[in-house]
Amino acid sequence: MPYYYPQGSLVFAQDPTGAHSNPRPVIVISDVNRPYVEQETTIVCLSTQNEYSHDVTQLPHEYVDDVELQKTSYVMPWAIYTIPLSSIRDNLPSGELTRDGLELVADSIDGMIRP
Amino acid sequence: MRYKRIQTHTLKMPIDLRKHDPDDPITIRPETNKAKIIKLLYQDTNLGFTPAEIREELDLPRGTVSGTLSRLHEERRIGKTNDGLYHGLDHREDLRRFAQSLVSLDMMLSRHIEAGIDPDDVEQTGTSAKTEIPSDRLEGRETPREEPAPDEWITVTNNET
């Protein structure tokens, strides 16, 4: 059965080349109506760093269900990519943002693109 | 690498495009040689490569490329010219998109090298986010359409700009 990761999923994407040692945590921002949903997904990256030229948005731990973030994490609204679904590792932790978490990510991206 | 001279015909029967669904999901793992070869061949489907060129370009071990190329060709995921050049297939929009998403994944991991969060820093306390796609979403999926040429799409209305 084809699968996908719903909007607001917090997952880890794996480096396919082995050049980078650690899988990268990302948040899925596309939803089930996205074209090619069974093949690819649109994500925004998370980081523990907050010193960038553009504002980052802190993701409060209570805005994520099913996993517990043990480090302060920030949404980087400029770091948006389309990645293959098969790069997401389902043997690594994955959770889902709460409604407030989804709103926070949307506001963060909105803050970047709205003139 | 050369521009392919002859458009391929496959060794098996050709694919009936009326029955072929280009939206069938691609489940190739990104770290496999299959994915690396598709990523290379679908960056420009007008380019044809010999097996040696593919091995050199992707820095793959000797003896691993020919078998993978044969399997991809048998699976009708890539084409082969009469003189032995392998290439992406123009009509495989699904594989072109898969190759593009692999390029995007590379870009993401190269630009944002250290997240500072490892899987060990995230404790699973509930169920996985992985979800089956509702069957009604799989019905009536859109097929890719060609976009108009730039000059048919957008025209300049102020020459000064």
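## Strand β2 of chain A and its neighbours

Let's start with one pair of residues: A:Val11 has A:Val26 in β3(A) as its bridge partner. This is a predicted model, and that bridge belongs to an antiparallel pairing of β2(A) with β3(A) that runs over 4 bridges. β2(A) also pairs with β9(A), again in the antiparallel sense, over 2 bridges.

β2(A) is mostly covered, with 5 of its 5 residues buried. A:Ser9, A:Val11 and A:Ala13 point one way from the strand, while A:Leu10 and A:Phe12 point the other way, and all are buried.

## The sheet of chain A

Stepping back from β2(A), we find an open sheet of 7 strands in chain A, in the order β5-β8-β4-β3-β2-β9-β6, with antiparallel pairing. The edges are β5 (57–59) and β6 (64–65) of chain A; each has a single partner strand, so one side of each is left without a neighbour in the sheet.

One bridge to look for sets A:Leu59 against A:Ser73 in β8(A).

## Helices on the sheet

Helix α1 (residues 99–113) of chain A lies across β3, β4, β5, β6, β8 and β9 of its own chain, at about 85° to β8(A). Chain B contributes a helix too: α4(B) packs on the sheet and touches β2, β3, β4 and β8 of chain A, its direction making about 150° with that of β8(A).

## Where the chains meet

The contact between the chains draws 50 residues from chain A and 43 residues from chain B. On the chain A side, the elements giving two or more residues are β1 (3–4), β2 (9–13), β3 (24–28), β4 (40–47), β7 (67–69), β8 (73–84) and β9 (95–97). β8(A) gives the most to this side, with 6 residues. Sorted by class, the side of chain A that touches chain B has 26 nonpolar, 14 polar and 10 charged residues.

Strand pairing also links the two chains: β1(A) and strand β6 (residues 131–132) of chain B pair in the antiparallel sense over 2 bridges. Here A:Tyr4 stands opposite B:Thr131 in β6(B).

Which residues touch the most other members of the largest nonpolar core? Of its 54 residues, these are A:Val11, A:Ile27, A:Ile43, A:Leu46, B:Ile38 and B:Leu41. At least two residues of this core come from each of β2, β3, β4, β7 and β8 of chain A and from each of α1 (33–41), α3 (65–74) and α4 (93–111) of chain B. α4(B) gives the most, with 7 residues.

Leaving aside residues up to four places away in sequence, A:Leu46 touches A:Pro25, A:Val26, A:Ile27, A:Leu59, A:Ser73, A:Tyr74 and A:Val75, and in chain B it touches B:Ala115 and B:Ile117.

## Two helices of chain B

α1(B) and α4(B) pack at an angle of about 100°, with their axes 8 Å apart. The two helices are therefore roughly perpendicular to each other.

From α1(B), the contact is made by B:Ala35, B:Ile38 and B:Lys39; from α4(B), by B:Leu95, B:Phe98, B:Ala99, B:Leu102 and B:Val103. By class, the residues of this contact divide into 7 nonpolar, no polar and 1 charged.

Note on methods: Residues numbered from 1 in each chain as written. Chains lettered and ligands numbered in written order. Predicted model: local features only at pLDDT ≥ 70, side-chain atom pairs only at ≥ 80, totals over all residues. Contact = placed C-beta atoms within 7 Å. Nonpolar A, V, L, I, M, F, W, Y, C, P; charged D, E, K, R; others polar. Pairing = 2+ DSSP bridges. Buried ≥ 20, exposed ≤ 12 C-beta atoms within 10 Å, placed from the backbone. Core = buried A, V, L, I, M, F, W, Y, C linked by C-beta atoms within 7 Å. Axes fitted to C-alpha atoms, helices over the stretch in contact; angles between N-to-C directions. Parallel < 35°, antiparallel > 145°, perpendicular 65-115°, else oblique.
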